[in-house]
Amino acid sequence: MEKYIVLKVYHQPYSMKRLITSITLTAVLSITGSSVKAQRLFDALPEKASFLTQVVENIFSLPPGAAVDLKFTQGFRVTGTVKSNQKVYDNLQTVVIESTNYKNAKLFLSKTIGQDNRVKYVGRMMGKGFEDGLEIKTDNAGNNFIKKINIKEMIVE
């Protein structure tokens with residue numbers, strides 16, 4: 001249920017300050033007074049889960065337009081299409097996948113190769129209009145995991 005606050009603003013040529021104050025107040029009230037509940041896309045997933053390297057290593061050879069079916073965990077599978085695949089540097093490659101099973105959310109996944117030739121994966125999956133997302137990382141021990149994130153907490157206003 002949405003709440004709207006309506007303020008009448010009377011424009012008088014001699015009170016421009018009053019007009020600007022009223023418009024600013026209306027904008028602030030409409031942003032903070034809204035009780036629209038933000039949608040969540042990944043509620044069914046656990047807070048954190050690990051996955052095997054084999055799940056993602058082959059997507060870096062796929063061209064744009066290729067179909068993808070990634071089974072990260074028993075309860076988390078991403079199907080979709082490769083939108084881009086760019087090797088930015090010799091040690092950095094990024095693939096963007098648009099999911100078909102998570103309301104067109106985008107999976108951004110990068111593969112980095114360190115000076116010690118260790119491969120690490122880092123990425124995020126987010127959907128437009130949703131307050132949650134996923135973070136993908138490889139820790140220093142070489143373990144790959146997916147972790148839920150709250151996008152609202154990440155945005156600095």
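Mentor: Start with residue classes: Ala, Val, Leu, Ile, Met, Phe, Trp, Tyr, Cys and Pro count as nonpolar, Asp, Glu, Lys and Arg as charged, and the others, Gly among them, as polar. This is a predicted model, in which local features need pLDDT of at least 70 and side-chain atom pairs count only at pLDDT 80 or more, while totals for chains, interfaces and linings use all residues. Residues are numbered from 1 along each chain as its sequence is written, and side-chain values use heavy atoms, with hydrogens and water left out.

Trainee: Which residues line the largest cavity?

Mentor: Rolling a probe the size of a water molecule over the atoms shows where empty space is left. A cavity is a set of points, on a 1 Å grid over the protein atoms alone, where a 1.4 Å probe fits but cannot get out; lining residues have an atom within 4 Å of a point. Here the lining consists of L45, P46, A49, T73, F76, L134, I146 and K148. By class, six are nonpolar, one is polar and one is charged.

Trainee: How much space lies in the largest cavity?

Mentor: About 60 Å³. A volume is the space filled by probe spheres set on the points, and grid points are joined across faces, edges and corners.

Trainee: Which residues touch the most other members of the largest nonpolar core?

Mentor: In soluble globular proteins, nonpolar side chains tend to be buried together. A nonpolar core is a set of buried Ala, Val, Leu, Ile, Met, Phe, Trp, Tyr and Cys residues joined through side-chain atoms within 4.5 Å. Buried means under 20% relative accessible area, exposed over 50%, partly exposed in between (1.4 Å probe, protein chains only). Of the 27 residues in this core, F72, F76 and M125 touch the most other members.

Trainee: Is N144 buried or exposed?

Mentor: N144 counts as buried because its relative accessibility is 4%. It is found in strand β8 (residues 144-150); strands (E, at least two residues) and helices (H or I, at least four) are DSSP runs, numbered from the N terminus. The side chains of N144 and T53 are joined by a polar contact of 2.8 Å. Such a contact is a pair of N or O atoms within 3.5 Å; within protein, one must be able to donate a hydrogen and the other to accept it, and residues adjacent in sequence count only if both atoms are side-chain atoms.

Trainee: Why does M126 count as partly exposed?

Mentor: Because its relative accessibility is 29%. M126 lies in strand β6.

How values were computed
On a 1 Å grid over the protein atoms alone, a cavity is a set of points where a 1.4 Å probe fits but cannot get out, and a pocket is an open set with protein on both sides within 12 Å along at least five of seven lines; lining residues have an atom within 4 Å of a point.
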